Amino acid sequence: MDKLIVQGRKRLVGEVSISGAKNAAVAVIPAAIMAEGVSVLENLPSIEDVRSLCHTIEKLGGKCTYQDQHTLQIDCGDGIDYRATFEEVQKIRASYYFLGALLARYKKAEVALPGGCNFGVRPIDLHLKGFRALGATVEEGNGMVKAYADRLVGTSIYMDQVSVGATINIMLAATMAEGVTTIENAAKEPHVVDTANYLNMMGANIKGAGTDVIRIRGVEKLRGAQYTIIPDQIEAGTYMIAAAITGGDVLVKNIIPKHMDSLTAKLDEMNVTIEEHDDSIRVTANRPLHGANVKTMSYPGFPTDLQPQIAALLSVCSGSSVITENVWENRYQYIDELRKLGAQVEIDGRIARIQGVEHLHGAQVSATDLRAGAAMILAALAAEGESEIDGVKYIDRGYENVEHKFNALGAKITRIQV
Ligand code: UD1
């Protein structure tokens, strides 16, 4: 069990290079099993979730070979088992993409569900509704989902609620269905587009990803492809907020600035100086910052996965701020930890009211989930004195070399094994 010891009041200065997107990687890796050939995935983040998915593919009988730390060759050409029912699968929530991928290739799938961060009820009813609409019989029970179909047939699917996971999973299942599938009210997140781009390079026929209507014309089979994963919007946002909370000056490199629009607009409103370049953003905080109101929404709205980090920042901005969490019903468990560091926050259902304080102070806190863990690091960097963060395994699920990247910017974070 690792802990991070963070020295506070460190101004972050310099450049940080952003890794490949976790949420794209965890969709693209399961998608690779659909090909009757070898795929090479580049710019994968070196994180626990990626390693877990590789273990799953290997246990199913596929081959995963690292060409270097960020480049993975996946070969499921000889076929794999359609039953991903072992414990490993439950470690990460994105394992649910094996359902869509296996169903597409074999017309049958059995997958143990689900794992990942816990912030409220995380149903997958929309995924299963989509599989059923394509003609599959789906059974749930004993922590398992089983789906079978004689044939999958394209159809029109309207999503009751915008869901990233359901959009991608239905897209996977429909890629080799007969005829045309239309997904309406689809999620528009960058990783939906990234997964569609990869599938198209494998020979799929998907149009409209990135808009709210996606059309998938089924193809008979897919081939392997070489593909480069997009940069991580949430990791980038975390370092941008880190620059702001420490009064720093950081060039966040290897990103797609357009993906950051909702955050740059908010930071600008808070008096942070933002300078956009082709594939980088410089964030400078040398003026007093003031609070703001933030509402999380699906893309291109403000991402829920940056909500804890922006809460940390708002807790040291002048005046009062209000956060409305519109995506997850219970994503404020970390607030108790933030309070230990001196933040003044009141929670009322989906609303967090934050009264800015002049300084946070060091404390012993826990990472209650992945992004909450990132928020603890940010708050600890701004606090007076030393903090100790446990639950680092959550942070390692989604942030590559986290303490090294921060330390290269002037932070002083030490990992200790307990
Ligand atoms: C993905 C991200 C996660 C992010 C979330 C919202 C991955 C691996 N994870 O999670 O980091 O926080 O998007 O941007 O990409 N819902 C249903 N029924 C369903 C599916 C979802 O009611 O079948 C609801 C959920 O309870 C939630 C909302 O829809 O309120 C959005 O969830 P969704 O977009 O599906 O999140 P994930 O894909 O699981």
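Which helix gives the largest share of the shell around the ligand? That's α5, with 3 residues. Before going on: this is a predicted model, where local features need pLDDT of at least 70, side-chain atom pairs count only at pLDDT 80 or more, and totals for chains, interfaces and linings use all residues. Numbering starts from 1 along each chain as its sequence is written, and side-chain values use heavy atoms, with hydrogens and water left out.

There are 22 residues around the ligand, and L126, S163, G165, D305 and V327 come nearest (near means a heavy atom within 4 Å). By class, the shell holds 10 nonpolar, 7 polar and 5 charged residues, with Gly counted as polar and Tyr as nonpolar. α1 (22-31), α5 (125-133) and α6 (164-174) each supply at least two shell residues; helices here are DSSP runs (H or I) of at least four residues, and strands (E) of at least two. Both domain 1 (2-18 + 231-417) and domain 2 (22-221) give at least three residues to the shell, going by bounds from an automatic or database domain assignment.

| Residue | Protein atom | Distance |
|---|---|---|
| Y96 | polar side-chain atom | 3.0 Å |
| G165 | backbone N or O | 2.7 Å |
| D305 | side-chain N or O | 2.5 Å |

The protein covers 89% of the 740 Å² of accessible area that the ligand has on its own (Shrake-Rupley method, 1.4 Å probe).

Elsewhere, 4 strands make an open, mixed sheet in the order β2-β15-β17-β16, where pairing takes at least two DSSP bridges. β2 (13-17) and β16 (273-276) are its edge strands.

Conventions:
A polar contact is a pair of N or O atoms within 3.5 Å; within protein, one must be able to donate a hydrogen and the other to accept it, and residues adjacent in sequence count only if both atoms are side-chain atoms.
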